[in-house]
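Please examine the structure shown here with attention to its aromatic rings, its nonpolar cores and its helices. The paragraphs that follow take these topics in turn.

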Amino acid sequence: SYTGQVPVGAGVDGVLCGHVSRTDVTALIRGLGVPVVGLGVCSSSAWPSVSCNDGAVGRAAARHLLERGYRTLAFCKQRDVEQETLRLKGFQAEAEEAGARFVLLAPPTGTPEQASAEAMREWIVPMISTLRIPIAIMAGDDLGAIPLVDTLVGCGYKVPEQVAVISAGNDPMLCDVAPVALSSVDVRAHEVGHEGARLLDQMIE
């Protein structure tokens, strides 16, 4: 789920954990004493995990923007998680190898993760105002892209004419209801889930 809320009182034979970076979730699941497979990258986890190639996701997003003529590519890093860092590195590498300008947009230290559009406006708008438009920005995932688009539209930027936004996940529940419909890299979540379930079944057996 998006919330990471753990069901209480239900007996389980195994767990597929989509919140491998959440220590509160993983601590609770560890106490269940059942096989666990993580969905998503987390090198510090003791469990086997299945994930997409996050570096390739970042590269794919950058290629999409470069093919459309953008020469200033920015990455909006909102969370200090391994998945987002890998996507950032792939995005930056693809942009710089193509000779484009890369810009990192990140909040000051101590800013809450997944902040609201109002909080984001305080740090991201001054940074964007120093750049020559048009520019293109990648958000680490669809959930992080929505407050970014909210902020841009609320500050008078035309999306995508002045500032293009791309994310990752390609979740129609998020992409289609954003203030401006989002372009998003398909991370093959269904295949990741099926492979995780197959692995978990083997572990239980």
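The structure holds 2 aromatic pairs, a pair being two rings of Phe, Tyr or Trp (its six-membered ring) whose centres lie within 6.5 Å. A pair of aromatic rings is described by the distance of the centres and the angle of the planes. Phe91 and Phe102 form an edge-to-face pair, with 6.3 Å centre to centre and 65 degrees between the planes; planes over 60 degrees apart count as edge-to-face, under 30 as stacked and the rest as tilted. This pair links distant parts of the chain, since Phe91 lies in helix α3 (residues 82–97) and Phe102 in strand β5 (residues 101–105), 11 residues apart. Helices (H or I, at least four residues) and strands (E, at least two) are DSSP runs, numbered from the N terminus. Phe91 counts as buried because its relative accessibility is 0%, and Phe102 is buried with a relative accessible area of 17%. Buried means under 20% relative accessible area and exposed over 50%, with partly exposed in between (1.4 Å probe, protein chains only). Phe75, Phe91 and Phe102 form one aromatic cluster.

The model is predicted, so local features need pLDDT of at least 70 and side-chain atom pairs count only at pLDDT 80 or more, whereas totals for chains, interfaces and linings use all residues. Residues are numbered from 1 along each chain as its sequence is written, and side-chain values use heavy atoms, with hydrogens and water left out.

The largest nonpolar core has 25 residues, and Ile137 and Leu148 have the most contacts inside it. Such a core is a set of buried Ala, Val, Leu, Ile, Met, Phe, Trp, Tyr and Cys residues joined through side-chain atoms within 4.5 Å. Two or more residues each come from β4 (72–76), β5, α4 (117–128), β6 (135–139), α5, β7 (163–168) and α6 (172–175). The largest share, 5 residues, comes from α5. Leaving aside neighbours within four places in sequence, Ile137 is in contact (heavy atoms within 4.5 Å) with residues including Ala74, Leu105, Ile128, Leu148 and Val165. A second, separate core of 21 residues includes Cys52, Leu65, Leu88 and Ala100.

Helix α5 (residues 142–154) has 13 residues and reaches 18 Å from its first C-alpha to its last, close to the 18 Å expected at 1.5 Å a residue; the expected span is 1.5 Å times one less than the number of residues. Among the buried residues of α5 are Ile146, Leu148, Val149 and Leu152. Asp141 caps the N-terminal end of α5, with a side-chain oxygen 3.3 Å from the backbone nitrogen of Leu143. Just after α5, Gly156 takes a positive phi of about 95 degrees.

In helix α7 (residues 189–204), the buried residues are Val192, Gly196 and Leu200. They lie on the same side of α7 because they cover an arc of only 65 degrees around the axis, taken from the directions from the helix axis to the C-beta atoms. These buried residues pack against β1 (15–17), β2 (36–39) and β3 (49–50). On the other side of α7, His190 and His194 are exposed.

Finally, Asp54 is found in helix α2 (residues 54–67). Asp54 counts as buried because its relative accessibility is 3%. Its side chain makes a polar contact with the side chain of Arg87 at 2.7 Å. A polar contact is a pair of N or O atoms within 3.5 Å; within protein, one must be able to donate a hydrogen and the other to accept it, and residues adjacent in sequence count only if both atoms are side-chain atoms. Not counting residues up to four places away in sequence, Asp54 touches Val41, Gln83, Leu86 and Arg87.
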